[in-house]
Amino acid sequence: MNDYFHLELDAYKNEVNWYGRFSLALLKNSLMAFESTDLMIAADIIRQKEYVNNQYEILNERGILLIALNQPMAKDLRLISSCMDIVTSSERIGRYAKDITELVVASRPADIPPALHREGEAAVSILNTVYTAFESGDVSLLHGCVKIEEEIDTLYASLYKEIVAAMESGRMTIPFGSACHMVNRYLERCGDHACRMAEKVYYLQTGKRVPLEEISEL
């Protein structure tokens, strides 16, 4: 492969990483808007979702063209295919951010469950770790991801029970409890996408398809 192709590959990877970081920023801001009931932040995120959609199409098409026009092999092909998978997961992250902002209300009838705030912190943490590993190529950064994912899964299960109990007892209104449950679900899905991307980053660097649980033990 010529030098120009590898310059294109580097530029493509950088754009994919920036896209992921942009989606992560939307997620962080959506959680801030939900907890503070900030309608201005929520409206801004909803407007930016169109950009997330457009970039998703552009980056996917660019990946396909890089393969079709250059017929890459080995690590070059792994890079393009991994980038396309990361683009897909990043688009989902941006979509969940938009969905969370649509649950923001002007007046919150109850406090946000502390565990939901912690789940948000954990989701942002694991996503930040994965994007950093993707950017740097340092797969050792992925070793702690499985523990964060286990924490997210534990929080998701406990929050489900806590929110249902609060609604049944009247401590939380049904609409607000439903909104908290949806945020809980979106954050759990963000954790799943982080795990999927972590496995792709490991595959990109090593050529091995390894479950996240095994990556943490290597």
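**How the helices lie together**

Let's begin with a pair: α4 and α6 are roughly parallel to each other, a label given to angles under 35 degrees. Their axes come within 9 Å and cross at roughly 20°. Here an axis is a line fitted to C-alpha atoms over the stretch in contact, and the angle, from 0 to 180 degrees, is taken between N-to-C directions. The crossing of α4 and α6 is left-handed, meaning that the near helix is turned anticlockwise from the far one by less than a right angle. Contact (heavy atoms within 4.5 Å) is made by residues including Leu116, Ala123 and Phe134 of α4 and Cys180, Leu187 and Val201 of α6. By class, this contact of α4 with α6 has 18 nonpolar, two polar and two charged residues. Nonpolar covers Ala, Val, Leu, Ile, Met, Phe, Trp, Tyr, Cys and Pro; charged covers Asp, Glu, Lys and Arg; the others, Gly among them, are polar.

A word on the source: this is a predicted model, in which local features need pLDDT of at least 70, side-chain atom pairs count only at pLDDT 80 or more, and totals for chains, interfaces and linings use all residues. Residues are numbered from 1 along each chain as its sequence is written, and side-chain values use heavy atoms, with hydrogens and water left out.

Which way does α1 run relative to α6? The axes of α1 (residues 3–36) and α6 cross at roughly 160° and come within 13 Å, so the two helices are roughly antiparallel, the term for angles over 145 degrees. This crossing, too, is left-handed. Leu27, Leu31 and Phe34 of α1 take part in the contact, with Phe176 and Ala179 among the residues of α6. By class, the contact of α1 with α6 has nine nonpolar, no polar and no charged residues.

Among the buried residues of α5 are Ile148, Ile152, Leu155 and Leu159; buried means under 20% relative accessible area (1.4 Å probe, protein chains only). What covers the buried residues of α5 includes α4, α6 and α7. After α5 comes Gly170, with a positive phi near 90°.

Finally, the buried residues of α2 pack against α1 and α3.

How values were computed: Buried < 20%, exposed > 50% of the residue type's maximum accessible area, 1.4 Å probe, protein only. Helix = DSSP H or I, 4+ residues; strand = E, 2+ residues; numbered from the N terminus. Parallel < 35°, antiparallel > 145°, perpendicular 65-115°, else oblique.
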